Amino acid sequence: MLPFQVAGDAAAADPLAQGLLEDICGELTRFRSLQVISWMSCMAVAGLSDREAGARLGASHLLRGSLRRAGERLRVTAALVDCGGGRQLWSEQYDFSAGDVFAVQDEVVARIAATLSTRLEETARDDLRRKPTDSLAAYELTLRGLALLRNGSASADEEARGLFERAIDLDPHYARAHAGVSLSWFNEWSCHFWSQFEENGQRAYTHAHRALEIDDRDALLHVVIGKVLNYRREFDRAAWYFDRALALCPNDADMLMEMSVGEAFLGRPELGAEHAERALRLNPCHPNHYFAYAAIAHTAAGDYERAAALAAAIDGFPIVDVPAFVAIAYARLGRMEEGRAMLAVYEREYRDWINGGREPEPGEACRWLLTVNPYRRAEDRAVLAEGFRLLDDACGRPSEAAASGTARGSNPAAAEPAALVPEAGQWRLAFAGQTVRLPALKGLHDIRRLLERPGTEVHCLDLAERSDEHFAGDAALDEPARRALKARIRDLQEDLAEAEDRNDPLQAERLRGEIGELVDTLAKALGLGGRSRRLGSLAERARTTVTWRIRHALRKIEAAHPALGRHLANSLRTGTFCAYRPERPIDWQLAEEPKAARQQQAPARSRA
């Protein structure tokens, strides 16, 4: 970026021009796709032509700016120039009062940086489209893949993924290519989540972490992980990743818009609305889906007037439930005719994309939205449920299903209740419209006893049902076992240090937990002076036994029924006291039904 040219009252304007130059350069360095030449190097070529300056600096583009003062008004102009062809690719001007200079300076810097980043990426993609695929290096392959991701179709995602994988073959340590793989799965997860929701979310999450292990400064990847964690109901971790992304790159418009809805889920809807408005300002030539995301964010924040105004500009619905949020905003404003029309659009989208073409039953689509969207706060779900009740009243339809918001599992379209029932030597597990069967496991008995008393702490001895004599003869750890434990603890401590160095809190937490368990085991095996002693007390052995049984059962459940496995993993607490604490109440069927009742219900389950 070249120094700002100053006109008018130069003495007053010079410090501002220098400050803008330094701030814009600093802000541009936050965008991972740009390589920014220091403004100090640019000072040496300020008097050269664009082509000469670019050749001297080895730059593909230059940003030229001017600062003009006229009385109490200041005008800042910025222009992006292609050094090779000398073409001006973009230009914009900003007018403000001299008295407001420090108040608006950050906004001007942010808008220039965000717009410039977008324009440069678009120019690079346009150039690459004209090149034959076989001649592209890893960087060019990645840019082509990122361009395809903007199409928003499953076929484009798959094609982009192939380009990213080729780039990784050329450079296995190219973080942006790994990031592209994550974003391709993220697209399918967030935009096409009606199929393989769990699998695609896990793939996006895994590849995002893989990319961050190489370079943890990619803000958008932190957003990807945060959004996946939201849907896992791991809200504290999701908030950490969102906050980290904002600290890394606060002026990336695409990232801010992605975060806007996620903040609403976290119970920070006002912040989500702020992100949406900032994204609209930073990227005034934004794609149309910005309006849809912003409308959801403002509905969650209770600004229904703004949500309705944004909805008027939406051309198509990038997410199935967007028209439902718009309908609720209309209902809250008393605009029932528009709300009814938009609710009909939502129910049609739900029928086509979620329900496989089957017409939804009354309240079914509303229950789905209230349950599948991971709202942390019950009051946020209640606001949406009340909006559906208003619409149902206006439509003259029963409103109980829409207002309850207590659909079972992650897919309230399912007619079958949640169940964990022993039947004929096996266990039947039903959740979110899917039923599986597993062989008898002791851990399933433990889990069922916790489901019977949600929120109640159950002592591990009550679950283990062991007597004191059962543990009386347990052998102590021998010397080889103690040495192996100590070596494993040292290895894990080294892994923990590496995880902390690369800012990987999830891996670090897992390692701390494993280290803690091993240290406890070793401490219980040693007496005074490090002498061997028998392992643990009755309660300690019961805790270990029950924890192992439940974790073993969870692994089997997760393999057969990922949605149920995720729910139980997030809701079960093990230790000396164990408990089942779900995010929302779930009506579990835990006793075996009479055979006739099961046969009567079978047809309804098959339709679900």
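These notes cover a predicted model.

**Entry: cysteines.** I looked for disulfides and found zero. Cysteine 249 has 2% relative accessibility, so I logged cysteine 249 as buried. Cysteine 366 also counts as buried, at 2% relative accessibility.

**Entry: salt bridges.** I counted 17 salt bridges in the structure. Side chains of opposite charge can pair when their charged atoms come close.

**Entry: aspartate 236 and arginine 376.** Their closest N and O atoms are 2.5 Å apart in a salt bridge. Aspartate 236 sits in helix α10, residues 235-248, and arginine 376 in the loop between α17 and α18. Aspartate 236 is exposed at 57% relative accessible area. Arginine 376 is partly exposed at 32%.

**Entry: aspartate 243 and arginine 268.** This salt bridge has its closest N and O atoms 3.3 Å apart. Aspartate 243 is in helix α10, while arginine 268 is in the loop between α11 and α12. The two are 25 residues apart. I logged both as partly exposed: aspartate 243 at 37%, arginine 268 at 24%.

**Entry: arginine 306 and glutamate 277.** Here the closest N and O atoms are 2.8 Å apart, in a salt bridge. Arginine 306 lies in helix α14 and glutamate 277 in helix α12, so the pair ties together parts 29 residues apart in sequence. Arginine 306 is partly exposed, at 29% relative accessibility.

**Entry: network.** I traced shared partners. Salt bridges join Asp243, Glu263 and Arg268 into one network.

Methods
Residues are numbered from 1 along each chain as its sequence is written. This is a predicted model: local features need pLDDT of at least 70, side-chain atom pairs count only at pLDDT 80 or more; totals for chains, interfaces and linings use all residues. Side-chain values use heavy atoms; hydrogens and water are left out. A disulfide is a pair of cysteine sulfur atoms within 2.5 Å. Buried means under 20% relative accessible area, exposed over 50%, partly exposed in between (1.4 Å probe, protein chains only). A salt bridge is a side-chain nitrogen of Lys or Arg within 4 Å of a carboxyl oxygen of Asp or Glu. Helices (H or I, at least four residues) and strands (E, at least two) are DSSP runs, numbered from the N terminus.
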